Amino acid sequence: MTVRLAFDSSTPRASVALLQDDQVLAETRLQSVGGRHNDHLLAQAEALLACCGYATRDIDELVVVQGPGSFTGLRVGLATVQGLALSLKRPIRAVDSLRALAFQHGPCERPLCALIDARKQEVYAALYCWRPGQPLSYVTPRVLPPAQLAYQLPEDVLLLGDAARFYGEALATAGVRQCFAGLACGGPTAAAAALLVHAQPDDFALLTAACLRALYVRASDAERARQPR
């Protein structure tokens, strides 16, 4: 039996979940103000543990969505998990936000394109096909304008995530047939990330706090400013 405390802050709708193996004991979701989650994640984690009658010492592993997504949200989420890992001396498993979103949808015979709004009129995107038990990536996470993405999508693709609807007009203009997955049109969730870890533990290495890294995909504004012109 493995008890996991999971966090996702890759989008403005953050979530925290407590799971025992493949059973979701509790999950809470919150809408951030100005894209900032700050102290909310830890407070929600403490509330979930108390509600379910667990203590921090009962946690076996921590799970965190590492990106891509909101730079600020990811930094807050990863810092929260790193702090917990150090204080509790527990390992971390990091999950790609787009893969978690594809896993959330469930088995599908069609290719899945998971999308997260990257701002600046761009999207984070990855293509997946389902194989027994999990979505496998055949186009790795990237950031690009929706119109450019449209020319790379197979005809029968199923679009997942809020960004699919937000940029639906741009995708349709470029010739993509709009086909959305109703239940998976939000963002990734902490519970989905932890369930994916449970289903495919060998895909997600046990990390120390010092080894945890965000998956940004796109360079920050500060990094781009430092690049030679």
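How many cavities of 30 Å³ or more does a search of the whole structure find? The points below take up this question and related features.

1. Basis of the note. This is a predicted model, in which local features need pLDDT of at least 70, side-chain atom pairs count only at pLDDT 80 or more, and totals for chains, interfaces and linings use all residues. Residues are numbered from 1 along each chain as its sequence is written, and side-chain values use heavy atoms, with hydrogens and water left out.

2. Cavity. The search finds 1 cavity of 30 Å³ or more. A cavity here is a set of points, on a 1 Å grid over the protein atoms alone, where a 1.4 Å probe fits but cannot get out; lining residues have an atom within 4 Å of a point. The volume of the largest cavity is about 50 Å³, a volume being the space filled by probe spheres set on the points, with grid points joined across faces, edges and corners.

3. Cavity lining. The lining consists of Cys113, Ala125, Ala126, Leu127, Val139, Arg142, Leu149, Gln152 and Leu153. By class, 7 are nonpolar, 1 is polar and 1 is charged (Ala, Val, Leu, Ile, Met, Phe, Trp, Tyr, Cys and Pro count as nonpolar, Asp, Glu, Lys and Arg as charged, and the others, Gly among them, as polar). Strands E7 (123–131) and E8 (134–144) each supply at least two lining residues, and E7 gives the largest share, 3 residues.

4. Overall fold. The protein has 8 helices and 9 strands; helices (H or I, at least four residues) and strands (E, at least two) are DSSP runs, numbered from the N terminus. Of its 229 residues, 49% count as buried, that is, under 20% relative accessible area with a 1.4 Å probe, protein chains only. Contacts (heavy atoms within 4.5 Å) between residues 24 or more positions apart account for 66% of those with a separation of 6 or more.

5. Helix H7. Helix H7 (residues 190–199) is largely enclosed by the rest of the structure, because 7 of its 10 residues are buried. The buried residues are Ala190, Ala191, Ala192, Ala193, Ala194, Leu196 and Val197. Their cover includes strands E1 (3–8), E2 (13–20), E3 (23–31), E4 (61–67) and E5 (92–96), together with helix H3 (97–105).

6. Pro68. This residue lies in the loop between E4 and helix H2 (71–88). Pro68 is buried, with a relative accessible area of 0%. Beyond its neighbours within four places in sequence, Pro68 contacts several residues, including Asp96, Tyr124 and Leu215. Ser10 is also among the contacts of Pro68; the two are 58 residues apart in sequence and 6.8 Å apart in space, C-alpha to C-alpha.

Terms used. Buried < 20%, exposed > 50% of the residue type's maximum accessible area, 1.4 Å probe, protein only. 1 Å grid on protein atoms, 1.4 Å probe; cavity = no way out; pocket = protein on both sides within 12 Å on 5 of 7 lines; lining within 4 Å.
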